[in-house]
Amino acid sequence: MSTKEATMFDQILGLPAHPLIIHFAVVLTPLLAVVAVAYALLPRVRTYVAWAVVLLALAAPVAVFAAKESGESLKQARFGTAEGEMAARISAHESFATPLLTSALGLGAAALLLVYATHPARDSVGRDRFGRPVTMVLAVLTVALAAVCAYYVFQSGDSGARAVWS
């Protein structure tokens, strides 16, 4: 990581960026999971929440990426020489970053595909674009990835809180 990139994720108005940025990831990712599951399992609410699914599917992975990068910057700037129990807690917290980012990206992609598959085309009469079996697979995949995302967001947040407050 270059110095310019490190400073971009290092501070916001003189404060460490990571504790500020993580709040976006901690709010947007579970919100995406809940809204995507509602969209997948409750066809009657799809018209009302499609816009939220699309916006959250784009915003949540970006927030997780920013949280991951700012965490790496914070570790490098302030905890690069940490040892012992503190280093172990930071390492445990850091171990959830990539799986969370990967699952958030997967959930975002699956949710966007599900919205595309089920959103009515102008010339269609209530039919799914790819057919019912594909829509069902996308719905199951969306629900599964939402559960994975929820798990990793909880583990990441819990291990981060333990690293700071224990």
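Which backbone oxygen lies 2.9 Å from a polar atom of the side chain of Thr-29? I found that this oxygen belongs to Ala-25. I keep in mind that I am reading a predicted model.

**Entry: Thr-29**

I placed Thr-29 in helix α2. I then checked its cover: the relative accessible area of Thr-29 is 0%, so I noted this residue as buried, the limit being under 20%. Next I listed what Thr-29 touches, leaving aside neighbours within four places in sequence: Phe-24, Ala-60, Val-64, Leu-100, Cys-149 and Val-153.

**Entry: the core**

Val-64 turned up again when I looked at the largest nonpolar core, where Val-64 is listed among the residues with the most contacts inside it, along with Leu-32, Tyr-39, Val-53, Leu-107 and Leu-114. I noted 36 residues for this core. The elements giving two or more residues to it are α2 (17-41), α3 (46-78), α5 (97-118) and α6 (132-165).

I followed up on Val-53. Not counting residues up to four places away in sequence, Val-53 touches Leu-32, Val-35, Ala-36, Tyr-39, Ala-111 and Val-115.

**Entry: salt bridges**

Lys-68 pairs with Glu-72, with the closest N and O atoms 2.8 Å apart. Both sit in helix α3, four residues apart, which means about one helical turn between them. I noted Lys-68 as buried, at 18% relative accessible area, and Glu-72 as partly exposed, at 27%.

Lys-75 meets Glu-94 at 2.9 Å, N to O. Because Lys-75 lies in helix α3 and Glu-94 in helix α4 (residues 84-94), this pair ties together parts that are 19 residues apart in sequence. Both ends came out as partly exposed: I read 32% for Lys-75 and 33% for Glu-94.

Glu-85 and Arg-89 meet at 3.3 Å, N to O. These two are four residues apart in helix α4, so about one helical turn separates them. Glu-85 counts as exposed, at 59% relative accessibility.

**Entry: a surface patch**

Last, I turned to the surface. Ile-12, Leu-13, Leu-15 and Leu-20 form a nonpolar patch there, and together they have about 410 Å² of accessible area. I looked up Ile-12 in particular: this residue is in strand β1 (residues 11-12), and its 33% relative accessibility makes it partly exposed.

How values were computed: Residues are numbered from 1 along each chain as its sequence is written. This is a predicted model: local features need pLDDT of at least 70, side-chain atom pairs count only at pLDDT 80 or more; totals for chains, interfaces and linings use all residues. Side-chain values use heavy atoms; hydrogens and water are left out. Patches are made of residues with over 30% relative accessible area and no salt bridge: like charges are joined within 9 Å, nonpolar side chains (Val, Leu, Ile, Met, Phe, Trp, Tyr) within 5 Å. Accessible areas come from the Shrake-Rupley method with a 1.4 Å probe; for residues, only the protein chains shown count as cover. A salt bridge is a side-chain nitrogen of Lys or Arg within 4 Å of a carboxyl oxygen of Asp or Glu. Buried means under 20% relative accessible area, exposed over 50%, partly exposed in between (1.4 Å probe, protein chains only). A nonpolar core is a set of buried Ala, Val, Leu, Ile, Met, Phe, Trp, Tyr and Cys residues joined through side-chain atoms within 4.5 Å. Contact means heavy atoms within 4.5 Å. A polar contact is a pair of N or O atoms within 3.5 Å; within protein, one must be able to donate a hydrogen and the other to accept it, and residues adjacent in sequence count only if both atoms are side-chain atoms.
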